[in-house]
Amino acid sequence: MAKKGTNLVIVESPTKAKTIKKFLPKDFVVVASMGHIRDLPQTAADVPAKYKKEDWSRLGINVKKNFEPLYIVPKSKKKVVTDLKKLVKDAEIIYLATDEDREGESISWHLLELFDPKVPIKRMVFHEITKKAITEALEKVREVDLNLVRAQETRRIVDRLYGYTLSPLVWKKIAYGLSAGRVQSPGLKMIVEREKERMIFVKAGYWSIKANLLAKKKPLEARLTKVDGARVAIGKDFDQHTGKLIKPDGVYLIDKKKADTISKELKKGNWIVESVTERDNFSQPAKPFITSSLQQEGNRKLGMSARETMRVAQKLYENGLITYMRTDSPNLSSEAINAARSCVESLYGKEFLSEEVRQYKAKSKGAQEAHEAIRPSGSEFKHPDKTGLIGKEKALYDLIWKRTVATQMTKAHKRSMSIKIENGKYNFTANGSRIIFPGFLRAYVEGSDDPDKALDDKEVILPELKAKDKLDMSDILPNEHETKPPARFTEASLVQRLEKEGIGRPSTYASIISTVQDRGYVRKEGSALIPTYTGIAVIQLLEDHFSDLVDYGYTTKLEESLDEIAEGKQDHLKYLKSFYLGKKGLKEVVDSKEKGIKPEISRTLRLPQIKGKIDIKVGRYGPYIIQKSGKEEVHASIPEIVAPGDLKAENIDELIELSKKGPEPIGVHPETKENIYCLSGRYGAYVQLGEKSDENPKPRRASVAAPLTPQTLTLEDAVRLLILPRDLGNHPDTGKVIQANKGRFGPYIVHDGDFRNLKAGTFDVYEITLDQALLILKEPKVSSRGATIYKEFDRHTKTNKKITLYDGKYGLFVKYGTKNLGIPDDQRKPEVVDKWKQKDVEKFIKASGKE
């Protein structure tokens, strides 16, 4: 409890409170609001009794009363508000030290509105938590910026109006529980459009020829580039919609027959160097991180999602290690530049320090709250190895530190060499490069979504040659190629596209990506984002009837309006009236079109690759096919693992065939004498032994995986598949059974909840023995993410769930049953967890709330 007459500082989180307190006088009390203390009602139960009868209460916005929002204190924040109220009552001065962006400004405003303090209120802002920054913030206090508050509130109201107006329509026309969102839907549209590009893609084939040569006994690799003066066709020369050459007269297409002929002719000819050219190239370091580029690099280099990157960055900021992580500006302060240059000189030497001081400016005209780039905080950058950080926090800090330091390093100097080689009418080229001076590359190399582009940074040293030198041939290698469809978005490339189109703002990119996945509109396969059939249905409906609302230009313009409200250049109320109640406003558009939207049409997908009397639909239990033949219809479910862009005629025929056969047995098991069926489920085809009944609720099943298909499956194949799961015997230490089986992610063995994958080329799941399985189980367990067992505990005394302490890529964590529980920084150290006993780890699990 604070003493009467204290200086009260309110921030958002306990971590930030703990860090900032170190830089404030002792008579200052710092407390956390735990984020927003008020919000619009989330459910009907949240609406206060006196408003429940109002027709606008569920919306939470009184449209008729100048769009007045109904703010409530969520149940989860009642105690926080009660505690804050007592502290505010006893305070002499209140400092609002929430984040410097619109969201932070809004939190401060809500605190004022709710508590209505009668003492002086001072708003302090800072973009890093250091002694200097906090001291300056105390000296330069201001009032709450109502323009920023109105911009945030307008965004919240617009998002609520958009979602609550369109989502019920999507429920009625497609399926209950679906939703539409102002920035979520355009983001989903991008992913759907990319999938449709893959659907209409037509594959093309071509050949290339590589020559392995010897130049003064040194190997030299060259590729065929011209035949009779005509350039050899490569992938980019083909139209991805037709599979044909864009300009057939301008290139020379090599097929297998020509490749064989050319190879024979080359072996007879002489190899002569035509020319050798060298060129110097200088490359500049990448700009310091802004929010979007940090999310992209976090995904590319560290494999972290956009949400995870922002969560870790928030932690680094609140611990005083980096500047504020939501920014559109790559600008560096003079303090940061001096710190970076000092790091370069002391760690790499003067020769790596750029002569000129590099400064950067934002490209985007709407850069909001553009204070400074994301960089290590303070006037001296703490080296990653001296931060005490581990795991993801250290990995991300290291990335930020290196990127910032690299901005003040010299250019990278590369020398590229191109050797042109003749063999009769055939011209070959060998390309190489070497680094003359690495410059900034010594500290940081920017990631890429294009693996070919990433290879450009590698050195390829060519032998010293001159024109007319003769070469010897080692080998001729013809290679067959196929053009590839457009790559699906990754989180990194989607953030890049969202930023380019002006969809959302840095703070919203992570939520867009996580929301479309949480809603079931997108699934992840590896790093690729794949739209589901439901996601395509939602975008199809919106594009058919509300194209403006998912138009990229419309969404960008809306963001610009919010920026203008934040700058005081546009009236928020006037904008809201136009957006919702105008002649082309949201309410009018939806009301006028809703009756004309037919649910049956909305649930039928128009996929460009589907021809003939086939309908693809979405239903309550997922996507399915309808094949029409006269008055008859055959229905077949589409497995979840078949992506919309990969659904081909052969897949459809296979699924229809399975459905037509129905539950007809493919034969009888020779031992059990039960029928064996081949069926189709959520994850594809599977075989089943016997019928499902009250006596046999879970009949034995096994997946039908490639190269087997339902059409090629024989009774012998099915019997072999149904051997699994195999009981190999009991473990000599525990007496518990060890099983071998196949799962969604491949073959494995399992003992007492300990799963071990059987890697390709090791053991056959159908033949592995008990002794072989025991050897595998003795090996230190490595998870799919590279984590190894650090310490094992007994099963939980109450739940009987397995408890294991793992050491992963990002440090120690507890695996409790199937859940991974992160360990706080102050405990995540070997010297701490080594002392943990059973009661300690169970206490930790209980405190995590995951028991």
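This is a predicted model: local features need pLDDT of at least 70, side-chain atom pairs count only at pLDDT 80 or more; totals for chains, interfaces and linings use all residues.
Local features need pLDDT of at least 70 and side-chain atom pairs count only at pLDDT 80 or more, while totals for chains, interfaces and linings use all residues. Residues are numbered from 1 along each chain as its sequence is written, and side-chain values use heavy atoms, with hydrogens and water left out.

**View 1. Packing of helices α3 and α5.**
Helix α3 spans residues 102-115 and helix α5 spans residues 146-173; helices (H or I, at least four residues) and strands (E, at least two) are DSSP runs, numbered from the N terminus. The axes lie 8 Å apart at an angle of about 100 degrees, where axes are lines fitted to C-alpha atoms, for helices over the stretch in contact, and angles run from 0 to 180 degrees between N-to-C directions. The two helices, α3 and α5, are therefore roughly perpendicular (65 to 115 degrees; under 35 is roughly parallel, over 145 roughly antiparallel, the rest oblique). On the α3 side the contact (heavy atoms within 4.5 Å) involves Arg102, Glu103, Glu105, Ser106 and Trp109. Their counterparts in α5 include Leu146, Leu148, Arg150 and Glu153. The contact residues of α3 and α5 comprise five nonpolar, two polar and six charged (nonpolar: Ala, Val, Leu, Ile, Met, Phe, Trp, Tyr, Cys and Pro; charged: Asp, Glu, Lys and Arg; polar: the others, Gly among them).

**View 2. The open sheet β21-β22-β23-β24.**
Four strands pair in the antiparallel sense in this sheet; two strands pair if DSSP finds at least two bridges between them. Strands β21 (667-668) and β24 (701-703) are the edges, each pairing on one side only. Six bridges link β22 (residues 675-681) to β23 (residues 684-689), and tyrosine 677 has glutamine 688 in β23 as its bridge partner.

**View 3. Strand β31 and its partners β30 and β32.**
Five of the six residues of β31 (residues 811-816) are buried, so this strand is largely enclosed by the rest of the structure (buried: under 20% relative accessible area; exposed: over 50%; partly exposed: in between; 1.4 Å probe, protein chains only). β31 pairs antiparallel with β30 (residues 803-808) over six bridges, with aspartate 807 opposite leucine 812. Four bridges join β31 to the antiparallel β32 (residues 819-822), and valine 814 faces leucine 821 there. Two residues separate β31 and β32 in a hairpin, and glycine 817 in the turn has a positive phi of about 65 degrees.

**View 4. Phenylalanine 745 in the loop between β26 and β27.**
Phenylalanine 745 is exposed, with a relative accessible area of 75%.
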